[in-house]
Structures are given as C-alpha cells and as structure tokens.
Amino acid sequence: QPGLYLRGLRALRAIRAVRLLRLLKIQRLLDETSFKVGQQQLVLVMAVLQMVAVITVCIHVLACLWFLVGRWKMENGELSWIELVNAAEMPGPTQYLHALQWVVTPPDPDTSSIDPSSGMERLFCIGTAFTAVTVLGGAFSKISEALAELRILKEFSNRKRRETQQYLADQGVSLELASRVMHFVDYKLSTESPVHMDFSLISHSLQVELHVSQHGHFLQPHPLFSLTKDTYFEVFAATCAVLERHAYDKFEILFVQDSLAERMFITGDGEFKVLSRDGDLTSSTSEGSFSSDTDTSGGKDPAEVQVVKGCYWFAEAALFVEGLMHEFSLTASTFCEAVTMNGEAIMGCLKLSPACAAMFCEYGKELLSQLHRLPNRTYEVEMKSSEDAMQVNSYYLQMYPDPATELENISLHKAHAVDDASTWQQKMSDSPTTNGILKTFDETGLDGDLVSIWRRKLRDLVDALLEGGIVNQEEIINKLEAAVPELHPFHGSHSQLSGSGERERSVSSCLSVIALVRDSIEDFTAPQAESQRLGHEQWQDLQQLTKWCEPDKRTLAAVIVLLAVRSLGKSKRLIQQLPQDAQRPERAVIYIMECHRNVVPSCDSLDETSVLLLTDVLEVHELFNLAQLLQGENSAANLQQLKELLMQKGEKVFKFYILFLLGFMSGLAAGKGSRFMDAARSKSVIIGIQSLLRITDSSASIIYWNCLLRCGEKLRLPSSTPEDVCLIRLALLSRAESKAGFQEVKMAWGLLGLHEKHILLQHFLADGIERTAFVFEFLPLCIANARKNKNVSMHVFLEALVDLIVGLQKVDLRQEKLVHIDLSDMAAFIEIVQSRYVFQTCISRCKLRSHGRRWHLDMTSNNWARSTEATSDGTILAYSMKELLQRQKHLDETLSTKHGQRSSEEVLREARF
C-alpha cells in the first residue's frame with residue numbers, strides 16, 4: 001500500500017506540465033516583433049510558426065500523458081497498451097516513439113492497441129481526438145486571420161497601383177516611362193504606411209518618443225540638433241515632428257546651383273550626387289549618370305561630381321536667413337529619401353524654450369560668420385563649419401568642457417618644444433658643446449629654455465625690423481609666429497581657444513603696425529583691392545600719427561605682444577573659466593596675464609615695465625572704445641573719462657595707446673597687412689585718432705562733437721542745426737557710408753512725430769557731463785538688424801527706442817550722468833521677430849538688470865515666446881490704428897504750426913547743443 005501511494009504522488013508531477021501554458025506569451029511577443037520589423041510577409045510566417053509550435057507542444061504533452069496512463073495501468077496489474085504492443089521491455093526513447101505514433105495517427109488515434117475493458121484508455125482516446133480537432137481548428141483559424149490581415153494591408157497598395165496603371169493606360173504613356181513610373185510607385189508605397197496613426201490614443205510623452213524614433217536618426221548626426229536632444233529634448237522632439245519626408249526618383253534633381261534656398265535638406269536612404277560647379281545638369285542626369293564632363297566650348301569649368309550616401313545636410317543657413325542661394329546642385333542617383341525643414345518651422349519649435357532659442361541664435365550667428373569667410377564653399381566645408389560653430393557655442397562648452405582647453409592644462413611650451421629642440425640640435429650638431437646643450441633640453445623639458453628662446457627671437461625680430469634686416473613679408477610672418485607662440489598656426493593659444501578668425505586678425509594687426517613703423521605702404525595695403533587701396537595722402541597722415549608715438553625697440557616688442565594676445569579676451573572657451581568680474585575682453589586678458597602666464601607666455605619675453613604698460617593700455621581700452629566713437633555710439637562723457645585716466649597714466653601710456661589703436665583698427669578685417677584700412681574706412685579712423693591727440697589740452701565735449709562733425713563732412717552731410725547734428729550721429733550709428741545710406745536714415749526720421757524727434761534730439765545731443773546720457777551698447781547692431789528685418793524697419797525701431805528712453809528716464813539709475821546699457825539681447829530679438837506689433841510692444845515686456853556699473857536690457861521669456869508669432873488680423877488692425885493715430889497727430893502738429901502756434905524749430909531748440 002505505501003508503494004502505491006508513492007507511485008500516485010510521483011504521478012502528480014505531471015501537473016508541472018501546466019507551466020507550458022506560459023508559452024502562450026510567445027504569441028504576443030512574436031506579434032510585437034513582426035510589427036516592429038514592419039514586414040507584411042513576416043506576419044504570415046509568424047502565424048505558421050505559431051501553429052507548428054502549438055501543435056508540437058500539444059502532441060508532446062499528449063504522448064507523455066498516454067505513456068503515463070499505460071505505466072499507471074501496468075503498475076496496478078492491469079493490461080495496458082504498452083504490453084499489447086510488446087513495448088514493456090523496450091528502451092525509454094522507443095516507448096516514447098510508440099506513444100508519439102499513437103497520438104499522431106490520422107484521422108484519430110489507433111484503438112486496436114487498447115484493451116476493450118480499459119475505460120480509462122478509451123476515455124483518453126476520446127479526449128485526444130477532441131483536442132486534435134480543437135488545436136488544428138484554432139491553428140488554421142489563425143492562418144486565415146493572418147491572410148485576411150495581409151489582404152487588408154495590401155489592399156491600399158494594390159488599389160493605388162491599379163489606379164496608377166489605369167491612369168497611365170488612359171493617358172497613352174509610353175511603355176518605358178510607365179515602367180519607370182511604376183517602379184517609383186512601388187518604392188514610394190514600400191516606404192509609406194497604408195494607415196494613419198490616431199495620436200489621441202496615446203499620451204503626449206509617447207507621442208514625443210514616437211516622433212523621435214521616426215525622425216531622430218536624421219537629426220542626430222547634426223551637432224546642433226544632437227546638443228538640442230541632450231539639453232532641450234522637447235524642442236528636439238518638436239523638430240522631429242515638423243520634418244517633411246520626401247521620396248525621389250532616380251536622377252531627380254533636389255535643387256540646382258544658384259536657385260533660392262528656402263529650406264534645409266538632410267539626406268537619408270539612397271545615393272545622391274553633388275555637382276559643385278557649373279555644368280550641364282540636364283545632360284549629365286538624363287542618361288542615368290552624373291557625368292563630370294561638360295562642353296568646354298561654353299567656357300565652363302568641368303563639373304565636380306561627388307557621391308554621398310547616408311546623412312548629409314545642405315543649405316543649413318536657410319534656417320537663419322532669407323534670400324540664400326544654393327552653392328551647388330544635388331540630384332538622386334537611385335530611389336532616395338530625404339527630409340526638409342524651413343526656418344519658420346524651427347521658430348515654431350523654439351517657442352517651447354527661450355533658452356534653446358538663444359542657443360540657436362548664437363549658433364546661427366557663428367555659422368553665418370564662418371560661411372561668410374569661406375572663399376570656396378563645398379558641402380564638406382559647410383558641414384565642417386557646422387561643427388566649428390558648435391565647438392565655440394557657449395551652451396556646448398558648458399555641456400561638454402574640453403579638458404585640453406582648460407587654462408591649467410594649456411602648455412605652449414610643450415607644443416613648441418619639439419620644433420625648437422630639433423632646430424637647436426641641427427644648428428649645434430657640429431659644435432663641441434652640443435652634448436651639454438642637448439642634455440639641457442632633455443633634462444629641463446625646455447620650459448625655462450623656451451622662454452629665453454622666445455625672448456631672443458622677439459628681440460632679433462624687432463632689431464631686424466627697425467634696422468631693415470627683413471624685407472620679405474612672408475619672412476616677417478614666419479619669424480613673428482616663431483617669436484610669439486600665441487600666434488602659432490597649430491599649437492598657439494588662439495588655435496586652442498579662440499579659433500583661426502581671431503588669430504588672423506591678431507596677425508594682421510601685428511603686420512600692420514610693423515608696416516607703419518617700417519613706413520612700408522606696400523606691405524600695409526597688400527590685401528586691399530586696387531580700386532579701394534589706401535592713398536598716399538592718407539598714408540602720410542598715418543605716418544604722422546605713428547611718428548608721434550615715437551616707437552622704439554621696447555615699444556614695438558610690447559605692442560606686438562599686446563596685439564597678439566588682446567583678442568584672446570573674446571574667446572568663449574576662455575571667458576567661461578574666469579570669474580564674473582573678469583569676463584569682459586580687456587579684463588580677461590589682464591586676468592590671464594596675472595594668473596595664467598602659460599596661456600600668454602609672450603609676456604615673459606617682456607620686462608616688468610613693458611608688462612605694466614600692457615596692463616595700463618588694456619585698462620584704457622576697456623574704458624574707451626574708439627570704434628564706438630566713430631559710430632556715434634558713446635558720448636562726450638566717455639572722452640572725459642578717457643582724459644582723466646590718461647592724465648593719471650601719463651604721456652608714455654597715451655602714446656603707446658595710440659600706437660596700439662593704429663594696429664588694432666588696421667587688423668579688424670584680417671589679411672596679410674590691413675584689409676580694413678582702405679581709402680574709405682581709413683578716413684574715419686584718422687579723424688578719430690587725430691581728435692584723440694587733442695584730448696589733454698581741449699574740452700572733451702568740443703573734441704567729441706568736432707569728431708562727429710568731421711565724420712559728417714566726409715559724407716557731405718549738413719550740420720547747421722541741432723537736427724542735422726542728430727542725423728549725423730544717427731547716420732554713423734546706422735553705418736551709412738554714402739549719401740544713399742543717409743537718405744534712408746533721413747526718411748526714417750521723417751516718419752517720426754515731433755514728440756518722438758524731440759526725445760531723440762535730447763538723447764543724441766546729451767553729453768553725459770552736464771545732462772544724463774544713455775550709452776546704448778550694440779545700438780549699431782540693433783539698427784542694422786532692424787533694417788534687414790522687414791517686420792521691423794528703421795523708423796519702427798526708432799519708435800521703440802523712444803519708448804525705451806522714456807522708460808529709462810522714469811527709473812532710478814543711481815543718479816549717474818553716464819549710464820551704459822547693453823542692448824545685445826535686443827539686437828538678437830530684432831533679428832528674428834516676425835510681427836511688427838510684437839516688436840512695437842516689446843519694451844513693455846523687458847527688464848533691466850544690473851551688471852556692476854553697467855546695465856543689461858533683458859528681453860525676458862515673454863518676448864522670446866512671441867518672437868515667432870505671425871502677424872494676425874488683430875495685430876494688423878492694432879498697427880493700422882496706431883499708424884492712423886500717428887498720422888492724425890502729425891497732421892495736428894502741422895496745422896498748429898501754420899496757425900502760428902509752437903513751431904517745430906522751437907521744439908527742436910529745446911535740445912541744447
């Protein structure tokens with residue numbers, strides 16, 4: 001009896017077969033896998049595999065249960081099927097095969113091997129037959145459902161194909177063309193989904209993930225959108241949602257060179273060809289090839305053709321500016337796919353994050369600046385410009401700081417050690433003291449020796465320049481880069497921190513001041529166009545200014561070092577590592593001269609007196625900017641401050657400052673010489689510096705207004721009334737270089753009312769000494785952006801400027817006579833705002849923030865959120881009403897003047913001059 005109970009308990013182990021029901025989860029997993037792959041044929045394959053798997057499991061379970069029934073009967077002493085088929089003494093696998101054969105015997109299990117008196121075996125036989133019918137029926141039903149789903153999925157594609165074929169047949173299209181059309185239709189249908197997603201069924205977060213999964217791979221390789229994904233994921237997802245996907249046929253043209261670029265293209269699947277020069281695009285694509293051979297009889301250069309596969313982007317600048325032209329042509333070599341987006345769509349996405357909008361603006365400015373400097377633009381160069389623009393983006397630098405650009409890790413000594421050591425080894429190879437010198441290089445690491453080497457090279461360079469030992473400009477450049485390590489083209493401070501642009505301007509400044517000291521007009525004007533070349537009369541004026549500075553060897557060495565390191569203060573990589581009070585350009589250079597000499601090792605080539613001279617001049621340049629004077633941006637009070645500081649510093653600092661200004665202004669446009677100081681622009685610079693020479697013995701106000709009037713005379717502008725003087729300053733602020741440019745300023749001024757003119761007169765004629773003056777930094781940039789933006793225009797900006805001035809007059813600004821206000825944020829806002837009404841009311845949504853003794857006008861998120869707001873009927877009506885009121889007011893003022901009431905001249909005279 002105990003044995004029977006134990007055998008019964010062992011039989012209960014069969015219950016573990018219930019765990020096989022977990023295999024039903026495989027069906028859901030297989031369905032999700034087939035959906036993810038997206039292949040319709042896979043649906044049928046999965047259905048068949050599921051059927052086979054279910055039938056196999058069922059047969060195995062039934063065979064095991066049948067064998068269990070036979071064993072149980074044998075153990076109870078009853079006749080079982082195992083004994084009837086003589087399988088009792090057979091091995092286990094053979095017994096399993098007998099059981100398996102009995103289960104799969106069609107159409108129902110064999111009953112001949114069953115004892116007629118065995119009710120249990122016969123009952124199991126009936127259950128097996130019922131199970132077979134149920135399982136097979138379910139399996140075939142599953143296949144039928146899969147086939148029905150396939151028919152539904154293919155119905156859309158088949159119907160579209162039939163409609164296309166019928167249309168081609170009705171139109172009598174040739175067989176060759178119809179074949180190509182149907183091939184493209186098949187490709188297009190294979191890439192499109194026959195069903196549309198109802199996004200109301202899923203949450204917003206799932207919608208975001210869905211958009212990113214569909215289009216994220218197009219944007220991910222781009223540096224800007226890659227950073228956007230890491231920092232502003234919502235904006236990245238919104239950008240993925242606005243992408244437009246396009247399919248292209250073989251040899252189809254996406255865009256043609258010199259056509260208007262209205263959107264950015266990003267290539268995807270397929271193969272594309274880029275034609276980077278003028279060529280016969282039609283003939284090169286009609287025969288199925290993009291030939292690089294063109295008809296030379298037309299005088300065209302051979303077309304350069306490059307094949308691209310994968311993710312490439314074209315016309316990216318079209319996101320930031322209008323009126324851009326394509327630099328090359330792009331065509332499809334195979335069936336291809338690409339996505340596009342325009343600036344308007346991007347602006348809509350940027351509404352989600354003002355900070356992200358600021359990042360895009362900063363990136364766009366740098367990208368356009370780099371593209372503008374490119375002499376020959378190819379798609380590889382444009383993509384490289386995108387990466388370079390992102391490398392200097394402040395948001396990117398905060399997210400991914402480069403250890404190699406950290407100030408503590410920069411070592412120009414190590415960068416130049418190999419070159420200098422190899423040079424010394426070559427020179428001293430035959431010297432009896434060679435071993436000692438080489439030992440010094442190996443043991444000391446060249447740190448101390450390189451300082452003396454650079455000091456000696458700078459001294460030799462200055463001696464050769466003043467004594468006429470160097471004649472060739474290229475030789476000067478080579479010796480300059482060797483003596484001033486910051487200017488090294490590969491390992492210098494500029495190359496590691498600020499990029500090639502600032503380095504080129506620094507080299508140009510150094511070469512310009514050297515040419516001025518050497519009295520070499522040929523070297524100075526080398527990069528200038530012949531039609532705009534500096535004249536000899538202007539050169540003599542520059543020579544008089546240079547001689548007044550009395551440059552000697554020590555002064556020339558010091559000014560070369562100052563011009564070489566000064567532009568490092570503009571490096572974003574450098575500024576972000578400095579304290580808050582040392583982030584202005586001049587203050588940044590002073591800080592690294594004191595705390596990080598490894599970044600500016602040329603200062604070690606100077607004596608302490610010269611280093612102090614550099615610091616004094618940087619402090620002077622921080623206080624007063626000559627370029628702001630020439631643009632009418634500052635006031636007479638700035639000259640008064642300059643006068644007081646120069647009286648403290650002494651005449652030596654004053655002369656060194658003038659020499660520095662000559663080199664600094666000459667290098668603004670880079671070049672091997674001075675590209676900036678041509679015949680037109682040198683006039684203003686000469687006038688400005690000549691005016692500064694009188695600062696120690698004349699009134700600051702007299703010098704200031706005299707300088708502006710002389711600049712007005714250069715443009716032949718009238719200056720007999722206060723309004724004329726105001727217009728001169730406004731013309732300088734708008735960077736007008738001709739009479740035509742002044743007419744635009746005058747026209748904008750004429751659209752203002754007398755009240756607005758009166759406020760602007762008081763502002764532009766205030767000196768900051770007797771009456772409070774606002775110095776709006778970046779005001780010329782604001783005006784330039786307003787002139788470019790058709791939604792703003794210059795006279796609308798002047799109206800907003802009046803609102804700003806009136807608002808500032810109501811604010812307590814510490815009772816100072818001279819108030820500096822940074823308008824850089826406003827300049828960026830003007831560049832992208834799309835509604836005139838939004839801009840006209842933007843001052844009411846601004847905030848004024850204090851930065852030490854300066855103020856910053858913050859446009860706030862309320863303005864940035866409305867920057868892309870399109871002009872609506874309501875805003876048009878509001879603007880029309882305001883314009884109508886302005887015209888009515890102007891008419892009333894005119895009528896009052898005719899009736900002998902207060903004349904405009906009386907109003908204008910209220911502004912003291």
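Modeller: The model is predicted, and the count of aromatic pairs in it comes to 15. A pair of aromatic rings is described by the distance of the centres and the angle of the planes. For Phe314 and Phe328, the ring centres are 6.0 Å apart and the planes meet at 75°. Planes over 60 degrees apart count as edge-to-face, so the pair formed by Phe314 and Phe328 is edge-to-face.

The two partners come from distant parts of the chain, 14 residues apart. Phe314 belongs to strand 7 (residues 313-314), whereas Phe328 lies in the loop between strand 8 (324-325) and strand 9 (329-332). Buried means under 20% relative accessible area; Phe314, at 0%, is therefore buried. Phe328 has a relative accessibility of 3% and therefore also counts as buried.

Lys250 is placed over the face of Phe335, 5.5 Å from the ring centre. Likewise, Lys655 sits over the face of Trp548, at 5.5 Å from the centre of that ring.

Turning to the cysteines, the count of disulfides is 0. Cys603 is buried because its relative accessibility is 1%, and Cys726 is buried because its value is 0%.

Note on methods: Residues are numbered from 1 along each chain as its sequence is written. This is a predicted model: local features need pLDDT of at least 70, side-chain atom pairs count only at pLDDT 80 or more; totals for chains, interfaces and linings use all residues. Side-chain values use heavy atoms; hydrogens and water are left out. Rings of Phe, Tyr and Trp (its six-membered ring) pair if their centres lie within 6.5 Å; planes under 30 degrees apart count as stacked, over 60 as edge-to-face and the rest as tilted. Helices (H or I, at least four residues) and strands (E, at least two) are DSSP runs, numbered from the N terminus. Buried means under 20% relative accessible area, exposed over 50%, partly exposed in between (1.4 Å probe, protein chains only). A charge sits over a ring if NZ of Lys or CZ of Arg is within 6 Å of the ring centre and within 35 degrees of the ring normal. A disulfide is a pair of cysteine sulfur atoms within 2.5 Å.
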